[in-house]
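Subject: Handing over a structure

Hi,

Here is the structure I promised to pass on to you.

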Amino acid sequence: MLLEVQDLKKHFPVRGGGLVRAVDGVSFAVDAGQTFALVGESGCGKTTIARLLLLLEKPTGGAIRFDGQDVLRLNRQGVQGYRRQVQAVFQDPSSSLNPRLKVRMLLAEPLLAHGFGGDRAALQHRLLELLEIVGLPPGALELYPHEFSGGQRQRIAVARALALQPKLIVLDEPTSALDVSIRAQIVNLLSDIQRSFGLAYVVIAHDLALVEHFSSAVGVMYLGAMAESGPSDAVFGAPRHPYTQALLGSAPRPDPDHQPAEGLIVGEIGSALAPPSGCRFHPRCPHAMPVCAQQAPAMLAMGGRDAGLAHLAACHLLGGGQATASAARWHEVATMP
Ligand SMILES: Nc1ncnc2c1ncn2[C@@H]1O[C@H](COP(=O)(O)OP(=O)(O)OP(=O)(O)O)[C@@H](O)[C@H]1O
Ligand SMILES: [Mg+2]
C-alpha cells in the first residue's frame with residue numbers, strides 16, 4: 001500500500017467550549033497508481049482529511065503511513081520529501097494560483113523550492129514538458145492565471161502539482177468549480193496522467209457518476225466517520241450501508257437501466273459538534289433499531305475481496321456488535337427486490 005490511514009482524528013476546539021469532531025476515527029488505504037474517492041455530504045470531513053494528508057493540519061489522533069513510513073514522525077527532511085511526493089489540486093484554481101505570477105513562475109516555483117538541479121535550458125525544457133502534459137501551448141508560460149478559462153486554469157494547477165513527479169495527488173473537488181461541459185475533459189486528463197505516470201489519487205467529489213467511473217476504490221463518509229468503503233464496483237454495485245444506498249438513490253444516474261431501489265435521504269445531517277450517539281446516521285436511517293442509538297457499529301468485512309481491498313461497512317444490520325440474527329434477516333427482507 002502506498003498510503004495507509006488509520007483511525008485518523010481531527011477535533012477542532014470551538015470558542016465557548018466543545019469540540020467539532022470533523023474527522024473521528026477514519027481508516028482507508030490507497031494502492032500505488034490507484035484512485036481512492038472520498039464521498040459524503042457537505043461537512044462530513046472530506047476536506048479536513050485532505051488537509052491532514054497534506055500536513056496542513058495536525059491530527060488529534062491516528063496514523064498516516066506513506067511508502068511504509070510513519071508520516072507524523074518524520075523529521076524536517078522527511079517532511080520535505082513527503083511534500084514533494086504528495087501534491088494537491090484544489091477546487092478553485094483562481095484562488096489556489098497566485099494571480100500575480102505568470103505561469104512560468106507558477107510552474108518553476110515548486111521546482112526551484114525543491115532544489116531543481118538543472119540549468120536555465122533544462123528548466124525551460126521541463127516547463128514546456130509540463131504544459132504539454134496538461135495540453136497547454138508553450139505560449140501559456142508568459143500569461144497570468146486570469147488570462148485563461150477555468151478549465152485551463154485547472155490544467156495549470158495540475159501541471160504545478162506534477163512538477164515534482166509526485167506519487168500521490170490529493171484532489172479536493174477538482175471539477176466542481178468548472179462548467180459541466182469541461183468537467184469530463186479534466187477527468188480524462190487526470191486519467192491519462194495517472195496511466196502515464198502511475199500516480200495515485202485521493203479524490204474528493206460530489207459527482208458520484210464521476211467517482212464511479214474514475215475511482216478504483218471509494219470511501220463513503222458520514223459525519224466524520226467512514227460508513228462504507230471498498231472497491232468501487234462493490235460499493236456502487238451492491239451498497240450495503242443504508243446511507244450509501246440513500247446517497248446513491250438521491251444522485252441522478254446516467255444509466256436509466258440502473259435505477260436504485262432505495263429512496264431519498266430525509267432529514268438534516270447532524271452536527272459534528274454533537275454527533276448523534278451510537279451510529280451517527282441512526283436519526284435519518286429508515287432501518288434504525290434500538291441498538292443503533294446506543295452503540296457505534298464496527299466496520300465489518302462484507303465478504304468477497306477484490307484486488308486485496310475489502311468491502312467494509314459499519315452498520316448493525318450487517319451483523320457484529322449487538323445486532324441479532326433476526327435483525328440481519330430483517331435486513332434481507334427489507335432489501336429484497
Ligand atoms: N478550522 C476549523 N475549525 C473548526 N471547525 C472546522 C474547521 N475546519 C472544518 N471544520 C468543521 O469540520 C467539519 C468538516 O468540515 P470539512 O470542510 O472537512 O467538510 P467537507 O466534507 O469537506 O464539506 P464540503 O463538502 O462542504 O466541502 C465541519 O463541521 C466544519 O464546519
Ligand atoms: Mg470540502
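First, a word on names: helices (H or I, at least four residues) and strands (E, at least two) are DSSP runs, numbered from the N terminus. Please keep in mind that this is a predicted model, in which local features need pLDDT of at least 70 and side-chain atom pairs count only at pLDDT 80 or more, while totals for chains, interfaces and linings use all residues. Residues are numbered from 1 along each chain as its sequence is written, and chains are lettered from A and ligands numbered from 1 in the order in which they are written.

**The chain as a whole**

The protein chain holds 12 helices and 12 strands. Of its 337 residues, 40% are buried. A residue is called buried if 20 or more other C-beta atoms lie within 10 Å of its own, exposed if 12 or fewer, and partly exposed in between, with C-beta atoms placed from the backbone. Two residues are in contact if their C-beta atoms, placed in that way, lie within 7 Å. Among contacts between residues at least 6 apart in sequence, 63% join residues at least 24 apart.

**Around ligand 1**

Which residues are around ligand 1? They are Phe12, Val20, Ala22, Ser42, Gly43, Cys44, Gly45, Lys46, Thr47, Thr48 and Ala272; the cut-off is a C-beta atom, placed from the backbone, within 6 Å of the molecule. Helix α1 gives the largest share of this shell, 3 residues, and both β2 (19-30) and α1 (46-53) supply at least two. By type, the shell has 5 nonpolar, 5 polar and 1 charged. Here Ala, Val, Leu, Ile, Met, Phe, Trp, Tyr, Cys and Pro count as nonpolar, Asp, Glu, Lys and Arg as charged, and the others, Gly among them, as polar.

Helix α1 is mostly covered, with 7 of its 8 residues buried; among them are Lys46, Thr47 and Thr48. Just after α1, Leu55 takes a positive phi of about 60°.

Helix α5 (residues 120-133) has 14 residues and reaches 20 Å from its first C-alpha to its last, close to the 20 Å expected at 1.5 Å a residue. That expected span is 1.5 Å times one less than the number of residues. Leu127, Leu130 and Leu131 of α5 are buried. They cover an arc of only 100° around the axis, which puts them on the same side of α5; the arc is that of the directions from the helix axis to the C-beta atoms. On the other side, Ala121, Ala122, His125 and Glu132 are exposed. The cover over the buried residues of α5 includes α4 (103-113) and α6 (150-162).

Helix α6 is mostly covered too, with 10 of its 13 residues buried. Its buried residues pack against β6 (86-89), α3 (93-96), α4, α5, β7 (168-172) and α7 (180-197). One of the buried residues of α6 is Ala159, which touches Leu107, Leu130, Leu131, Ile133 and Val134, leaving aside residues up to four places away in sequence.

**The core**

Ala159 turns up again in the largest nonpolar core, which has 89 residues. Those with the most contacts inside it are Ala159, Leu168, Ile169, Val170, Val202 and Ala227. Such a core is a set of buried Ala, Val, Leu, Ile, Met, Phe, Trp, Tyr and Cys residues joined through C-beta atoms within 7 Å.

Enjoy exploring!
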